[in-house]
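I opened my notebook beside the model and jotted down what I looked up, one stop at a time. Here are the entries, for anyone who would like to follow along.

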Amino acid sequence: MLININNYSHKSNLELTTADIDYLFGSVIDDNKMEVSMCSDNFHTSEKMFELLERMSCQRLDDQRCTLPIGIKQLTDQGGGSRLASGKAPPDKEETPPMPSPKTRLEEVLQQDGPYPQVILPGVGYWEEKNDVVANVEQLNTVKQFKTDDVARYYRKLFMGKEHWSFFGEDDNLGPLVLSYKNEMIGSQESTRVLLRLSTGTHHAIINTSDNPTPAKMAKRLKEDLVINSLQPVLTSRAAEMIVGYDEHVLINNFKFGLIYQRVGQTTEEQLFSNNTNGPAFEEFLQFLGQRVKLKDHQGFRGGLDTQKGQTGQESVFEVFREKEIMFHVSTLLPYNENDNQQLQRKRHIGNDIVTIIFQEGNTPFTPDMIASHFLHSYIVIQPINPLTSNTRYRVSVTARSDVPFFGPNLPRSAIFNKDSNFKNFLLTKLINAELSCLKAERFAKLEQRTRVSLLRSLVDELRFKTNSFLGITEIKEEPPKTEKSSNRFSEIVRNMIEGRKKEGHAHRNGNKSASVNNINSLSQSTPKRSRRSRNSKRTSSNRGPVSPASSPETSGDFCLESMSDSDNSSLNSMDLESPQCSFNDDSDTGLESMSSLELNNNKNKPSCLSCKNSETDSCALHADPEVVFRQLSSLKHEVNKLKCDKLDLLRQNVTCQRELKRLKEKEIKMTGDLSLSHLEVSRLLMLLKELGTNQMSSV
C-alpha cells in the first residue's frame with residue numbers, strides 16, 4: 001500500500017510504505033490510502049525521514065549491482081578486493097595516489113646521486129629497448145634494412161610489362177577487390193602467382209592451378225571469407241598504371257623527424273622548446289647528422305617548412321639517405337617568440353612529427369610523456385661522450401609507445417657508438433624504421449585503413465568505368481521511385497482544403513452578425529431541449545471561462561466555433577450573447593449532443609468547401625467516399641508503374657540505338673580507311689601507266 005505524504009518543508013509528494021510511516025510517526029494506519037499532512041510541530045522527525053531516504057537509496061544502489069564472474073570474484077577476494085565482492089561501494093579515486101607529473105619524477109631522480117639513466121619511463125604506456133641482442137657494432141651491418149612492405153613492389157617487379165590478367169569485383173563481406181595473376185614455371189611445374197587486393201591489405205601467394213580454377217576461386221584460396229562467385233575482367237590500356245599507383249601508395253620516400261635540444265637540468269616541455277642557441281656539442285652533432293641548407297633556395301623535400309617567405313626559419317638540416325629524402329625540424333632553428341612561453345610555432349612542426357631525436361647536452365634524464373602530443377610515438381635519445389674531441393662517442397636509448405611494434409636495427413650491448421659513418425647509417429635507418437613501425441600503431445592504423453578502403457573503391461570504380469567505356473556499355477543508374485510526384489494531386493487537395501478553411505474562418509470572423517445568428521438559430525431549432533437545470537449549470541460554467549468548440553469535423557463547414565469561444569476575436573458582441581439564441585452555446589459544452597441534428601442539417605443543405613468548388617467532381621478527397629478515393633489512388637499508382645516500365649523500355653532502346661550507332665561509326669571508319677587505301681592504289685596504278693607509256697614512247 002502506498003501513501004502520499006505532503007512534506008510541509010519541501011512541498012513535494014513522497015511515496016512511502018505503511019511500515020515506514022509507522023516508523024516515522026508511530027501511528028496505526030489503515031490499509032486504505034490516506035493523505036497525511038505534516039504540521040509544524042512534526043519538524044523534529046525530519047532527521048529520521050532523511051535517514052530513511054538515505055537507507056532506501058542505498059538499498060536501490062545495492063539492487064543495481066551485478067554479481068561478478070567466478071574468476072574475477074576469486075581474484076578480488078585474493079587481492080584484497082573484498083569490498084567489491086561484498087557489494088560495497090568501490091574505493092574513491094582519492095584513495096589511489098595520482099601519477100606524479102613528469103617534472104616531479106625527473107626532479108626526484110635528480111635529487112639522487114648520479115649518473116642518471118637517459119630515459120625514465122612513466123608507469124604505463126611506453127617501452128624501452130633493451131640493448132642485449134647484438135654483441136657489438138660490427139654485427140649491425142647485417143640488419144640495416146628498411147622495414148618496408150615488399151608486397152607493394154611485386155606488381156611492378158613481377159607483373160608489369162609481362163603477360164598477366166587482372167579482375168575486379170565487389171564482395172558482400174569484404175567490399176571491393178582487385179585480383180591479378182600470371183602463370184609461371186617454377187622448376188618443372190607450372191604454377192600461378194596471385195596478388196589479391198582487399199580493404200584489409202594485399203595478399204600474395206603462389207598456387208597450383210592444375211584444376212583450372214576461375215579467378216573467383218583463386219581469390220577464395222587466398223581469403224576464405226570471400227563469397228563472391230564471379231569477377232569482371234579489366235579491359236583498359238591504363239590498367240597497369242592505375243594498379244601500380246594503388247599498390248605503391250604505401251611506400252614512403254620522404255621523411256620528417258623532430259630534433260629537440262635538452263640542456264642540463266631542463267625538466268619541462270617549455271624549457272625544451274625555449275632553447276634559442278646551440279651548444280658546441282649540439283652544433284657538432286648537427287654537422288655530423290646532415291647538410292645545413294638554406295630554406296629559401298631549397299629544392300628537395302621541405303617537410304612542411306616554408307621555402308618562399310622564410311616564416312619557418314632561415315636554415316634547416318637535410319639529408320638524402322638511400323634514395324630517401326629526410327628533413328629535420330630542429331627546435332633551435334625554428335622561429336622563436338619571446339612572448340610565447342609554449343613556443344607554439346616550434347611545437348606546431350615538432351609536435352606533428354611521429355619520431356623525434358632528443359639530444360641531451362648533459363646527464364639529465366628524459367621522460368616520453370614530458371611532451372604532450374597525439375602524433376609523437378617514438379623517441380631516440382642521444383647523449384654525447386667526450387664531445388669536440390677525436391674520441392667523440394654517443395650513447396643511444398630508444399623508447400616508444402606500447403602499441404608501436406619493435407623496430408630494428410637492434411642496439412648493441414654497450415649502446416655506445418663512435419662518431420663515424422656506421423653510426424650515421426644506424427641512426428638514419430633506425431629513424432626510418434621507427435616511423436614505419438609507428439604507422440602500425442592503433443591511431444595511425446585506423447587512418448591507414450580508411451585511406452586504403454577509399455583508394456581501393458576508387459580504383460574499382462575507375463576500372464569499371466574504363467572497361468565499360470572500352471566495351472561501349474553505358475551504365476544505367478536507376479533512380480529510386482519518387483513518391484512525391486505520385487502524390488502531388490493528393491497534396492494539392494489537402495493544401496486547397498487548408499486554404500479554404502482559413503478563408504472560411506476569416507470570412508466568418510469578419511462577416512455580418514445576422515448570418516452568424518441565423519446559423520445559431522438553425523442549429524438551436526434542430527437541437528432537443530434540455531432541462532433548465534442543465535442550462536443553468538452550463539451557463540454558470542460558461543461564465544467561469546470559455547467553452548470548448550465542437551469536435552465534429554462537419555461543423556467546420558458551417559461556421560467556426562472557435563470564434564464563439566474567444567471573446568476578443570469573436571464576431572458576436574455582448575448584445576448578441578444576451579439574445580435567447582445564445583442558450584445553445586451555453587448548453588452545448590462539447591457539441592456531442594447536437595451532432596446528430598447537425599449531420600442532418602449538413603445533409604440537407606451542405607455547403608461545399610473551396611476544394612469542392614474548384615474541383616470538377618462533386619466533392620474533394622476529404623468529403624468524398626473513401627472507396628472512391630482508394631480506387632483513384634490505385635489507378636494513379638498503376639499509371640505511375642506503367643510510366644516507369646515505359647521509361648525502362650525507352651532506356652533499353654536508347655542503349656541499343658547507341659550500340660548500333662557505334663557499330664555503324666566503326667563500320668564507317670573502316671570503310672573510310674578502305675576507301676583511302678583504294679585511292680592510294682589507284683594513284684599508284686596511274687603512275688605505273690604513265691611510266692609504261694613514257695617507256696613505250698621512248699622506245700619508238
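**Entry 1: T268**

I began with T268, which counts as buried because its relative accessibility is 15%; buried means under 20% relative accessible area, exposed over 50% and partly exposed in between, with a 1.4 Å probe and protein chains only. T268 sits in the loop between strand 10 and helix 9 (269-273). Helices (H or I, at least four residues) and strands (E, at least two) are DSSP runs, numbered from the N terminus. I then looked for its contacts, meaning heavy atoms within 4.5 Å. Setting aside neighbours within four places in sequence, T268 touches K103 and M370.

A note on what I am looking at: this is a predicted model, where local features need pLDDT of at least 70 and side-chain atom pairs count only at pLDDT 80 or more, while totals for chains, interfaces and linings use all residues. Residues are numbered from 1 along each chain as its sequence is written, and side-chain values use heavy atoms, with hydrogens and water left out.

**Entry 2: strand 12 and its partners**

Next I turned to strand 12 (residues 315-321), which is largely enclosed by the rest of the structure because 5 of its 7 residues are buried. I checked its pairing, which requires that DSSP finds at least two bridges between two strands. Strand 11 (residues 291-294) pairs with strand 12 in the antiparallel sense over 4 bridges, and there Q291 stands opposite F318. Strand 13 (residues 324-330) also pairs with strand 12 in the antiparallel sense, over 5 bridges, with F321 opposite K324.

Which residue takes a positive phi in the hairpin of strand 12 and strand 13? I found R322, with phi near 55 degrees, in a hairpin that has 2 residues between the strands. R322 is not a glycine, and its relative accessible area of 39% makes it partly exposed.

I noted L388 as well, a residue other than glycine with a positive phi near 60 degrees. L388 lies in the loop between strand 15 and strand 16 and is exposed, at 54% relative accessible area.

**Entry 3: helix 10 and the cores**

Helix 10 (residues 280-289) is mostly covered, with 7 of its 10 residues buried. Among them are F282, F285 and F288.

I followed F285 into the largest nonpolar core; such a core is a set of buried Ala, Val, Leu, Ile, Met, Phe, Trp, Tyr and Cys residues joined through side-chain atoms within 4.5 Å. This core has 43 residues, and F285, F328, I382, F423, L427 and L431 touch the most other members. Elements giving two or more residues to it include helix 10, strand 12, strand 13 and helix 12 (421-438). Helix 12 gives the most, with 9 residues. Not counting residues up to four places away in sequence, F285 touches L259, F359, I382, Y394 and L427. Apart from this core lies another of 22 residues, L272, F273, F318 and L334 among them.

**Entry 4: helix 8 against helix 13**

How do helix 8 (residues 239-247) and helix 13 (residues 442-471) pack? I read an angle of about 175 degrees, with axes 10 Å apart. That makes helix 8 roughly antiparallel to helix 13. Axes are lines fitted to C-alpha atoms, for helices over the stretch in contact, and angles run from 0 to 180 degrees between N-to-C directions; those under 35 degrees count as roughly parallel, over 145 as roughly antiparallel, 65 to 115 as roughly perpendicular and the rest as oblique.

A239, M242, I243 and Y246 in helix 8 meet R452, L455, L456, L459, E462 and L463 in helix 13. The contact residues divide into 8 nonpolar, no polar and 2 charged. Here Ala, Val, Leu, Ile, Met, Phe, Trp, Tyr, Cys and Pro count as nonpolar, Asp, Glu, Lys and Arg as charged, and the others, Gly among them, as polar.

I traced an open sheet of 5 strands in the order 8-7-6-5-9, with antiparallel pairing. Strand 8 (201-207) and strand 9 (232-233) each have a single partner strand, so one side of each is left without a neighbour in the sheet. Strand 5 (residues 165-171) joins strand 9 through 2 bridges, and F167 has P233 as its bridge partner. Helix 8 packs on this sheet, its direction making about 65 degrees with that of strand 7 (189-198). Helix 13 packs on the sheet too, at about 75 degrees to strand 6.

**Entry 5: cis peptides**

Last, I looked up two cis peptide bonds. One joins G114 and P115, with omega about 0 degrees; P115 is in the loop between helix 5 (102-110) and strand 4 (126-128). Another joins G408 and P409, with omega about -5 degrees, and P409 is in the loop between strand 16 and strand 17 (416-418).
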